[in-house]
Amino acid sequence: MDEGTELSMSIAHIVQRLKGSHLHSQIERQAKDCLHRPEIKLESLKEDVRSFLKTSGWEKKLQNAIYRELHIQLPPSHPTAPLEHLKEPLAYMRKAQASWEKRILKSLNSMSTELGVPLARKRPGAEQKELTNKWNEMGTDEPDLSRFRPVYAPKDFLEVLISLRNPNHDSCEDVSARSHWGLIQVPLNVRDIPQLRQAHAELNLSSGQLGIDDLAHVHPDLFENDYVQIGKKVVMEQDSAAAQQYSRRGCPTGLRADLWALILNSTNQLQDMMHYEQLRAGVIQHNLLVDNLIYKDVKLTASNDDYYFVFEDFLYQVLLCFSRDTAVLEHFKYNSATPPKSYLHGKVGDEEYAVVYPPNGVIPFHGFSMYVAPLCFLYNEPSKLYSVFREMYIRYFFRLHSISSSFSGIVSLCLQFERLLQTHLPQLFYHLRQIGAQPLRIAFKWMVRAFSGYLSTDQLLLLWDRILGYDSLEVVAVLAAAVFAFRAENLMEVTSLASAEAVLADLSTLKVIPLIQIFLFATAI
Amino acid sequence: MNEVSSRQPVACAAKPPVYLQIGESKAEPVQSGVCVVDVPLPCGKPVSVEEITFQNHYTAYVTVRLLRRPSGQDGPTKWVTALRDLPLMDNPHTERGSQDYHCIHRTQMLVEADHVVSVRLILRQPSSAWLTFSLEEIKIFPHMEPEPQKEVSDWLSDLILVDQLPDVEGLPDPHTVSSSLQQMWALTEVMQTNQTTASIGRFDVDGCYDINLLSLT
């Protein structure tokens, strides 16, 4: 298809999506109301209304909404390509994802049968009242969760990724020039350092960065003060695209909450708050087995973390509502995963009684709550926190736990990590391989959580600034390789997987941006 | 996009692909990475090709050659190259583009795709990483004369967008004009179908959401 047709199709698609949205009716109302204004002349009605919408900021809001749609739009595709091809073009990956999902569903079904806990049931009235009263302090509850276990942990998922094979790939076991030493054996396109340098040009050694040039020993006039001024201007302009570009060199702590909300086009207007209330009502009315999994996950991970345990109640409020949100189902158009289905009243096969379980189609795994925890530092209002988290999930985090060939998908990130290590630290990689400590086995848990819970929070937020700024998770793979490069000397001395893990156990003192910058721009190629 | 679904591909069957081998002896043929797929069109009817669509299966480059018979029945035929080495995969060694759907339109071709009797696709896959490569679901769509579009909405819109000609005698009252404009606006809004993509948000069916087992199919 030529570019002109592609563009018109994109435009038509976005117009269709924005039609009937709340923004659409707001702009219409504004346009009607402005007709009373004196500067609107009959002869130049169209232009006058347009310039009014521009000066009052509504055109900017529309631009931001369109920019958001572009982020989640499917890439242009051939008209005969089936829907499943749009979710994931490679047939063997679709198959692997489907069989992984089947395993999870079987596991969930058997957990429900063994424990005698239904997957979903309506709460009796008294229980609903109790939960409403306890809504703000669910953390004080100590339900008996010992019988529940997480559906899967990242290491189970890693085994599935390791076993991914392309049936058409000639992977002979002999060592050859194109041997790949790592665990991922699918030949996906991943970018190497020269390409990453081009794509992440703003991180180069001669550009000021937050995370490097705002440290105590650097005078603020050299970089920080001017950068913060620019940031304030960006927030005042309320421009999504500008905020995204700005975020590439970091967001100042005081402006980060507003900037991220701008980039994600996450508003907290009346209809968002009402939507959150609707979700809350859904939590109170129905009890899901998945709720227990969420409780267990929060208790096991975030509550045990020095930085995040204070946010326990927030995490329940966000994650329980997240499970009830059917708006999340939209992201399955571009996610290789498929939401689990069930039939009510035992009417299997009758589509009238088909429902999705959980309502948002996402089954949480061990560590899922760590996607939300860092955001609690930025937003203290539950509906705003929820809105930002949901947008981050449907743009980025879903790619970390589904099998796909996407650039930002976890399979590509793992392969990129291994390739970077093999190309630039071959001695280290070979040594670790020989002692049975494949680097991916250590780095996988960092990447699946986008380093949440492993770095100190200020460093983590600086990393997530770049994820938002570059609209890609590749910096996560780069950071993983950079960490290995940083600790290379110590790692060369270890002689077992356990000691390698011990060397890399504590990342809380690392400064991430210098590591990324040095790895990308100071590595000899 | 209605034109796409209403057109029919030419009824033809691609011959089995012929993989070219290097090496004199039949005992140890070496894959050359080149394969030829011939698609003969039904004889007796030279076709004007509009589009060729296919799904890729690990082919890196495709060359399209056409056998044309420009001067009517029983005239001489000539092979011409319509497209040379169109890249289907960014990098022959990696997966990107390996299973994508493509279409080649007549406007992309170097020659006029008229009076075509047979189409030959020459596939190249220089990388030794793949066991096989081919193209699937090859369909050839003939060039069709565009039908006169029957625009039902044309006369409807004529009814709605009535030009308000100002009175020739004296100037019209601006307030009445602006209020009638607003009424017209409201009328067009009512007439427009307002299809919203927003969902209602309910996950239960008539208040019931009691689930016991997940469906595995």
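Which residues line the second largest cavity? The legends below take up this question first and then turn to other close-up views of the predicted model.

**View 1. The second largest cavity of the predicted model.** The lining is formed by Pro150(A), Val151(A), Leu293(A), Lys296(A), Asp297(A), Pro364(A), Phe365(A) and His366(A). The space within this cavity amounts to about 60 Å³. Sorted by class, its lining comprises 5 nonpolar, 1 polar and 2 charged residues.

**View 2. The largest cavity and its lining.** Over the whole structure, a search finds 4 cavities of 30 Å³ or more. The largest cavity holds about 230 Å³ of space. A total of 18 residues line the largest cavity, and those nearest its centre are Glu101(A), Ile104(A), Ala337(A), Gly361(A) and Ile363(A). Helix α6 of chain A, which spans residues 91-115, supplies the largest share of this lining, namely 5 residues. The classes represented in the lining of the largest cavity are 10 nonpolar, 7 polar and 1 charged residues.

**View 3. The crossing of helices α11 and α12 of chain A.** Two packed helices are described by the angle between their axes and the distance between the axes. Here helix α11 (residues 240-247) and helix α12 (residues 256-263) of chain A have axes that come within 8 Å and cross at roughly 125 degrees. Because of this angle, α11(A) is oblique to α12(A). The crossing of the pair α11(A) and α12(A) is left-handed. On the side of α11(A), the residues in contact are Ser240(A), Ala243(A), Gln244(A), Tyr246(A) and Ser247(A), and they meet Leu259(A), Leu262(A) and Ile263(A) of α12(A). The contact of α11(A) with α12(A) contains 5 nonpolar and 3 polar residues, with no charged residue.

**View 4. The packing of helices α7 and α13 of chain A.** Helix α7 (residues 125-133) packs with helix α13 (residues 270-285) of chain A at an angle of about 135 degrees, and their axes lie 9 Å apart. The helices α7(A) and α13(A) are therefore oblique to each other. From α7(A), the contact involves Gln128(A), Leu131(A) and Thr132(A), whereas α13(A) contributes Val283(A), Ile284(A) and Gln285(A). By class, the contact of α7(A) with α13(A) has 3 nonpolar and 3 polar residues and no charged residue.

**View 5. The cis peptide bond between Tyr357(A) and Pro358(A).** The bond that joins Tyr357(A) and Pro358(A) is cis, with an omega of about -15 degrees. Pro358(A) is placed in the loop of chain A between strand β4 (354-356) and helix α16 (382-395).

**View 6. The backbone at Asn265(A).** Although Asn265(A) is not a glycine, its phi is positive, at about 50 degrees. Asn265(A) is found in the loop of chain A between α12 and α13.

Terms used:
Residues numbered from 1 in each chain as written. Chains lettered and ligands numbered in written order. Predicted model: local features only at pLDDT ≥ 70, side-chain atom pairs only at ≥ 80, totals over all residues. Heavy atoms only, no water. Axes fitted to C-alpha atoms, helices over the stretch in contact; angles between N-to-C directions. Helix = DSSP H or I, 4+ residues; strand = E, 2+ residues; numbered from the N terminus. Parallel < 35°, antiparallel > 145°, perpendicular 65-115°, else oblique. Left-handed = near helix turned anticlockwise from the far one by under 90°. Contact = heavy atoms within 4.5 Å. Nonpolar A, V, L, I, M, F, W, Y, C, P; charged D, E, K, R; others polar. 1 Å grid on protein atoms, 1.4 Å probe; cavity = no way out; pocket = protein on both sides within 12 Å on 5 of 7 lines; lining within 4 Å. Points joined across faces, edges and corners; volume = space filled by probe spheres on them.
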